[in-house]
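Have a look at the fold first, and then read on.

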Amino acid sequence: MFRFYLLITVFLSNFAFAQELNLPGAKNFFLDSQQVWKKKTPILIMFSVPGCGYCKIVKEDTIGPMADLKEYDDKVIIRHVNVDSFNEINDFYNETISHNELAFKYAVNFFPTVMLVDNYGVVLEKVLGITNEEYYWTDLDKLIDKSIIKINKQLSAKL
């Protein structure tokens, strides 16, 4: 019986770890910004730190599943930034910076922080922490829709 529970525990922990791995990491926001022009969708950036329980909840229950759904491929570009990481990425102006420096640029000091940004990296919407786990997905979905409207207005503006 003990082996059965141990096997179940290992299986569930591997599933949770695998779900977390599906979250696309930030690598090149310059290339992502080109996709914003084409698709007219915002970029969702989740800032988190390892060991953060609330970050894990958001990754596993909301952002990870969103990244796996075809519906959200057409609505948003999802990226993850590990604030403790010094891995290099390209920012919106094709300059090399670390995950940590990007978080500093956006003054992120509360985790998880989820931002929706346009093709220049300008923040359209922002969510700090988790106010209500039950409605987090629907609230975030509404913010994604609002951001799409803002981007469409920006990109269709005439001079």
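Are Asp141 and Lys75 buried or exposed? Both Asp141 and Lys75 are buried, where buried means under 20% relative accessible area, exposed over 50% and partly exposed in between (1.4 Å probe, protein chains only).

A word on the source: this is a predicted model, in which local features need pLDDT of at least 70, side-chain atom pairs count only at pLDDT 80 or more, and totals for chains, interfaces and linings use all residues. Residues are numbered from 1 along each chain as its sequence is written, and side-chain values use heavy atoms, with hydrogens and water left out.

The protein has 6 helices and 6 strands (DSSP runs, numbered from the N terminus: helices are H or I with at least four residues, strands E with at least two). Of its 159 residues, 43% count as buried.

A search of the whole structure finds 7 salt bridges, each a side-chain nitrogen of Lys or Arg within 4 Å of a carboxyl oxygen of Asp or Glu. Among them are these:

| Pair | Closest N to O |
|---|---|
| Lys70 and Asp74 | 3.5 Å |
| Lys105 and Asp91 | 3.0 Å |

Lys105 lies in helix 5 (residues 99-105) and Asp91 in the loop between strand 3 (88-90) and strand 4 (96-98), so this pair ties together parts 14 residues apart in sequence. Lys105 counts as exposed because its relative accessibility is 53%, whereas Asp91, at 2%, counts as buried. Finally, salt bridges that share partners join Lys75, Asp141 and Asp145 into one network.
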